[in-house]
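Have a look at it, then read on for a walk through its parts.

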Amino acid sequence: MTIWWLVVILGGLGSAGIGFIWLAVRLNQVSSAARPRQSESIEETADQDVEHVFNKEFREELRNRGRLHFEKIIGENAMFLQQDLRLTTSQLNEYMKTEITRKLKEEFDKYEESITDAKQLAIESIQKTNTAIDDQRKVLSQQVQEEISAEKQVRLQRFEANMADIINHYVLAAIGNQIDLNDQLEYILADLEANKQAIIEDIQNGA
Amino acid sequence: MAPESKKIKGLPILVASPVDVGRLVREIESMNEMFMQLSLRKPGAEVKMPKTSRLMDQTILLNELNLLLSEDRLLLQQFLRAVKERAPVIHASFNADPPVAFMEKLVSWLRQEVNPLVLVTIGLQPNMGAGCVLRTTNRQFDFSLRENFAKKRELLTSMLHVEETAA
């Protein structure tokens with residue numbers, strides 16, 4: 001749109017220049033074509049009068065006036081053209097500035113929108129990743145906790161079993177040889193008494 | 001007047017194991033052979049009188065036998081053979097070699113409460129701590145401190161838990 005307007009304006013300016021040139025040439029032709037073609041006498045008289053009135057100095061004067069007038073018109077038109085050109089250039093600059101600004105603004109808006117969308121996508125992706133990491137961390141933490149509890153239970157049971165064996169072994173080793181059999185007799189006879197019936201039955205039913 | 005039939009009363013406490021009974025059997029057989037040799041001896045030959053062991057002395061004393069009589073010897077021999085073949089045997093293990101007094105009390109209790117002809121063999125298990133392990137024909141009775149500890153392991157564990165909780 002902007003380029004077409006520029007082409008139209010430049011075309012208008014060119015047409016105006018060509019018109020001025022054509023007008024100058026035409027005036028020159030008119031001045032040359034305006035010579036009277038009358039009868040020879042009249043012509044001669046006229047020529048004489050003309051020569052008298054329009055003598056060389058006078059024609060030169062007219063030519064100078066015409067030239068000055070033409071130059072004045074040319075100057076005025078050139079001034080108008082210059083003003084128009086400046087105005088057009090100014091408007092063109094303003095238009096270009098406005099269009100470029102608008103275009104740039106649109107592009108910046110699109111760019112900003114794209115950046116905003118990308119930012120939103122990145123934020124959503126990061127949030128999803130954080131959520132997944134949190135879930136994974138919770139699952140992992142729970143698994144680790146369960147494994148720690150199981151391992152603790154196993155170690156505790158092993159410790160208890162070993163500890164009971166160690167204590168039993170220690171007590172047996174410590175007091176086993178210190179108790180006299182005569183002192184144990186009452187205890188042994190009490191056990192025998194408690195199991196007397198079973199012993200008798202086994203002896204009676206023995207092979 | 002017909003002679004009164006004798007009856008064996010039992011075994012002395014010191015005759016506790018099948019080995020002791022085997023010794024008595026061999027001793028009585030030896031005496032029988034000796035008396036048979038005496039009956040076959042030539043007149044004027046030197047006679048060597050048999051010597052009885054302490055176990056045999058107690059056996060004779062308990063059962064009021066006269067081993068100079070062949071009937072008594074025969075009776076004792078049959079009795080001892082029967083005991084050797086059929087008497088119930090209990091194997092008792094201790095953590096140390098039991099003294100004689102202890103064995104006397106144990107055998108006395110067993111013969112009084114379980115069977116009057118029961119025989120006891122002794123074994124050693126130094127790792128049992130205290131108490132004894134009794135093995136009859138088909139069963140084993142563990143009265144040892146080791147077994148008692150094993151039975152009460154849960155109690156020990158629960159006490160450890162209590163200590164741990166209190167700490």
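What follows goes from the chains to their contact, and then to a few local spots.

## Ground rules

This is a predicted model, so to speak of local features a pLDDT of at least 70 is needed, side-chain atom pairs count only at pLDDT 80 or more, and totals for chains, interfaces and linings use all residues. Residues are numbered from 1 along each chain as its sequence is written, while chains are lettered from A and ligands numbered from 1 in the order in which they are written.

## Two chains

Chain A has five helices and zero strands, running α-α-α-α-α from the N terminus. Helices (H or I, at least four residues) and strands (E, at least two) are DSSP runs, numbered from the N terminus. Of the 207 residues of chain A, 5% count as buried. The burial classes go by other C-beta atoms within 10 Å of a residue's own: 20 or more is buried, 12 or fewer is exposed, and in between is partly exposed, with C-beta atoms placed from the backbone. Helix 3 of chain A has 120 residues and reaches 165 Å from its first C-alpha to its last, close to the 178 Å expected (1.5 Å times one less than the number of residues). Helix 3 of chain A is hardly covered, with a count of two buried residues.

Chain B brings six helices and four strands, in the order α-α-α-β-α-β-β-β-α-α. Buried residues make up 24% of its 167 residues. Take contacts in chain B between residues at least 6 apart in sequence, and 71% of them join residues at least 24 apart; a contact here has C-beta atoms, placed from the backbone, within 7 Å.

## Where the chains meet

The contact takes 26 residues from chain A and 31 residues from chain B. On the chain A side, helix 3 (56–175), helix 4 (181–194) and helix 5 (196–204) each give two or more residues, and the largest share, nine residues, comes from helix 4 of chain A. By class, that side has 16 nonpolar, six polar and four charged residues. For the classes, Ala, Val, Leu, Ile, Met, Phe, Trp, Tyr, Cys and Pro count as nonpolar, Asp, Glu, Lys and Arg as charged, and the others, Gly among them, as polar.

What does helix 5 of chain A pack against with its buried residues? Those residues are Ile199(A), Asp202(A) and Ile203(A). They fall within an arc of 100° seen down the axis, so they line one face of helix 5 of chain A (the arc is that of the directions from the helix axis to the C-beta atoms). Their packing partner is strand 4 of chain B, while the face turned away carries the exposed residues Gln197(A) and Gln204(A).

## The core

The largest nonpolar core has 32 residues, and Leu80(B), Leu110(B) and Val120(B) have the most contacts inside it. Such a core is a set of buried Ala, Val, Leu, Ile, Met, Phe, Trp, Tyr and Cys residues joined through C-beta atoms within 7 Å. Both chains contribute: helix 4 and helix 5 of chain A are among the elements giving two or more residues, as are helix 1 (18–40) and helix 3 (70–86) of chain B. Leaving aside neighbours within four places in sequence, Val120(B) is in contact with residues including Ile90(B), Leu106(B), Val107(B) and Leu110(B).

Helix 4 of chain B (residues 100–113) has buried residues Met103(B), Leu106(B), Val107(B) and Leu110(B). They cover an arc of only 95° around the axis, which puts them on the same side of helix 4 of chain B. These buried residues pack against strand 1 (89–94) and strand 2 (119–124) of chain B. Facing away are the exposed Ala101(B), Ser108(B) and Gln112(B).

## Strands and loops

Strand 1 and strand 2 of chain B pair in the parallel sense over six bridges (pairing needs at least two DSSP bridges), with His91(B) opposite Thr121(B). Strand 1 of chain B covers Ile90(B), Ala92(B) and Phe94(B) on one face and leaves Val89(B), His91(B) and Ser93(B) on the uncovered one.

Glu64(B) sits in the loop between helix 2 (54–63) and helix 3 of chain B. Its phi is near 50°, a positive value in a residue other than glycine. Glu64(B) is exposed, with 11 other C-beta atoms within 10 Å.

Note on methods. Contact = placed C-beta atoms within 7 Å.
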